[in-house]
Amino acid sequence: MDGAARTEHHTVELAQNRTKRPHDTHSIHTMVTELGLLYLGGMTVLFFFWAYGIVSFVLDVKNKFIPKGRQYLRGRRQLKEEQQREQERKEREEQLY
Amino acid sequence: MGDVKLEHVSKHYGDVTAVDDMNLEIQDGEFICLVGPSGCGKSTTMEMIAGLTIPSEGEVFIGDREVTNLPPKDRGVAMVFQNIALFPHMNVYDNISFGLRLRNYDKEEIQRRVERAADVVQLEGMLERMPDEMSGGQRQRVAIARAIVRNPGVFLMDEPLANLDAKLRVHMRTELQRLHKELDTTIIYVTHDQAEAMTMSDRIAVIDSGRLQQIDPPLVCYNEPANLFVAGFIGSPSMNFLDGEVTDYGFESTYINVEFDPAEIGVEVGTDVTMGIRPEDVYLIEDERQVANPSHQIDAMTDVLEPMGDEIFVYLKLSEEAHADLEDATGVINDQLLMSVSPDTDVEEDEDVTVILDRTRVHLFDTETGKALSHGIESMVQASGAPGTEAESDD
């Protein structure tokens with residue numbers, strides 16, 4: 001391709017691009033916004049569940065795990081006391097044999 | 001010395017009072033039964049004597065010693081438990097000698113005492129057996145022998161026959177009486193079975209709601225109950241109760257009137273009273289000649305018959321609507337009467353009958369306090385217009 005033809009081709013390309021640009025620019029803008037929104041939405045959802053998980057876990061620890069742990073320890077203590085009482089009672093009963 | 005004395009003994013578990021201000025004096029060699037319904041405090045009372053439970057208030061004396069806070073081993077008592085509690089891995093000899101070995105008696109003494117105890121409870125020849133090779137009665141005898149070997153001043157028995165079958169229980173009752181006769185030791189026996197209490201004991205201590213209601217020989221408790229509870233608890237089947245009022249002519253209720261002079265038994269006219277009469281003191285009119293002091297005639301209808309072999313229990317309806325649901329909170333059924341008749345009596349269900357009461361066996365209780373007012377009515381009011389047969393036959 002000689003120089004004149006190259007210039008003409010370039011001119012045509014530019015003209016085509018010029019005619020395309022508004023449409024293409026719009027297309028690029030739209031794509032970025034949707035992705036962003038999707039990304040933002042996704043992140044929001046993820047953040048919500050992450051935060052929800054943390055809050056829920058904290059509340060579970062406070063309201064469920066700690067009381068259950070305490071209950072377990074209390075139960076063990078009571079069982080131990082009960083066993084001790086029974087043992088003492090058994091020993092006292094054996095004194096009457 | 002096997003005297004036992006409880007002075008103002010109480011036991012509280014939080015807000016619950018198991019035993020309330022118990023005063024009890026048991027003589028050396030006496031056979032006492034603590035009897036009452038489940039949860040009345042009889043076992044707690046025994047445990048306080050044994051040292052298994054420390055009283056919240058009051059003092060316990062055994063012999064001439066105050067033992068309120070002493071451990072069981074220092075009280076000179078031995079106990080036989082309801083669950084027998086033999087060591088399953090020890091043979092009979094080891095089980096019986098357990099207490100002696102614990103107290104470091106020498107071998108010859110242990111052998112001598114075990115053989116004697118086995119002889120008393122008729123377990124000779126079984127000393128090598130394991131508990132699982134023995135019957136319930138034999139195991140209970142091992143438990144008794146275990147208590148005997150220690151030669152205690154006081155035997156405590158907490159429902160020892162409750163886990164045995166009816167036949168064995170009756171047999172063991174006799175065995176225990178024989179044992180008491182032989183050892184002549186104080187026995188304190190807890191049971192909720194009033195038949196056991198009646199047959200075995202020198203005196204019965206009737207307990208209800210943690211309070212001692214009466215302590216007297218069995219027949220005194222039966223014939224002269226101190227209050228409504230004792231009257232209802234002692235005797236099987238239970239005494240009939242009817243609510244009524246004292247009038248110038250005696251006891252008046254909806255269906256039954258019994259004449260007496262209120263002044264003679266010291267009851268004011270207008271007092272609400274409950275009349276009690278035992279089933280064996282209600283007679284069919286045909287048997288009137290057996291009753292020296294009969295009441296007026298009472299018309300009734302037979303309801304249910306319960307033949308027991310040696311007697312028949314006849315439930316009598318005093319009204320058409322008579323029903324057990326009418327029983328009030330104190331166990332009073334105002335329109336039913338239970339009668340005991342001999343097995344050869346010709347009586348059918350739903351038959352009209354006329355019955356009389358033996359007035360000398362009528363008991364009167366203050367309805368409000370439950371206290372006994374009179375046992376047996378001898379006097380009659382001869383005033384004219386007294387309610388009698390006509391009033392009753394209307395029912």
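Two residues are taken to be in contact if their C-beta atoms, placed from the backbone, lie within 7 Å. By this criterion, the contact between the chains takes six residues from chain A and 13 residues from chain B. On the side of chain B that touches chain A, β6 (77-80) and α2 (92-102) of chain B are the elements that give two or more residues. The largest share of that side, three residues, comes from β6(B). Helices (H or I, at least four residues) and strands (E, at least two) are DSSP runs, numbered from the N terminus.

The model is predicted; local features need pLDDT of at least 70, side-chain atom pairs count only at pLDDT 80 or more, and totals for chains, interfaces and linings use all residues. Residues are numbered from 1 along each chain as its sequence is written, while chains are lettered from A and ligands numbered from 1 in the order in which they are written.

The predictor gives the complex an ipTM of 0.74 and a pTM of 0.79. The pLDDT is the predictor's confidence in each residue, from 0 to 100. Chain B averages a pLDDT of 87, and 92% of the residues score at least 70. Among the elements of chain B, strand β10 (residues 211-216) of chain B has the highest mean pLDDT, 95. Helix α9 (residues 389-393) of chain B has the lowest, 38. Over residues 381-395 of chain B the pLDDT is below 50. Beyond near neighbours in sequence, this stretch has 28 contacts in the model.

Chain A contains one helix and zero strands. A residue is buried if 20 or more other C-beta atoms lie within 10 Å of its own, exposed if 12 or fewer, and partly exposed in between; C-beta atoms are placed from the backbone. Of the 97 residues in chain A, 3% are buried. An unreviewed UniProt entry annotates residues 37-59 of chain A as "transmembrane region". UniProt positions are given in the numbering used here, feature names are shortened, and annotations may be inferred rather than shown by experiment. Residues 37-59 of chain A are 100% helix and 0% strand, with end C-alpha atoms 32 Å apart.

In chain B, the unreviewed UniProt annotation "domain: ABC transporter" covers residues 4-234. This part of chain B is 36% helix and 26% strand. An open sheet of four strands has the order β2-β1-β4-β5 (chain B), with antiparallel pairing. Two strands pair if DSSP finds at least two bridges between them. The edge strands, β2 (16-26) and β5 (65-66) of chain B, each pair on one side only. Strand β1 (residues 4-13) of chain B pairs with β2(B) over seven bridges. B:K11 has B:V19 in β2(B) as its bridge partner.

Helix α5 (residues 166-183) of chain B has 18 residues, which should span 26 Å at 1.5 Å a residue; its end C-alpha atoms are 25 Å apart, which agrees. The expected span is 1.5 Å times one less than the number of residues. B:M172, B:L176, B:L179 and B:H180 are buried in α5(B). Seen down the axis, the buried residues of α5(B) fall within an arc of 95 degrees, so they line one face of the helix. The arc is that of the directions from the helix axis to the C-beta atoms. The face turned away from the buried side of α5(B) carries the exposed residues B:K167, B:T174, B:K181 and B:E182.
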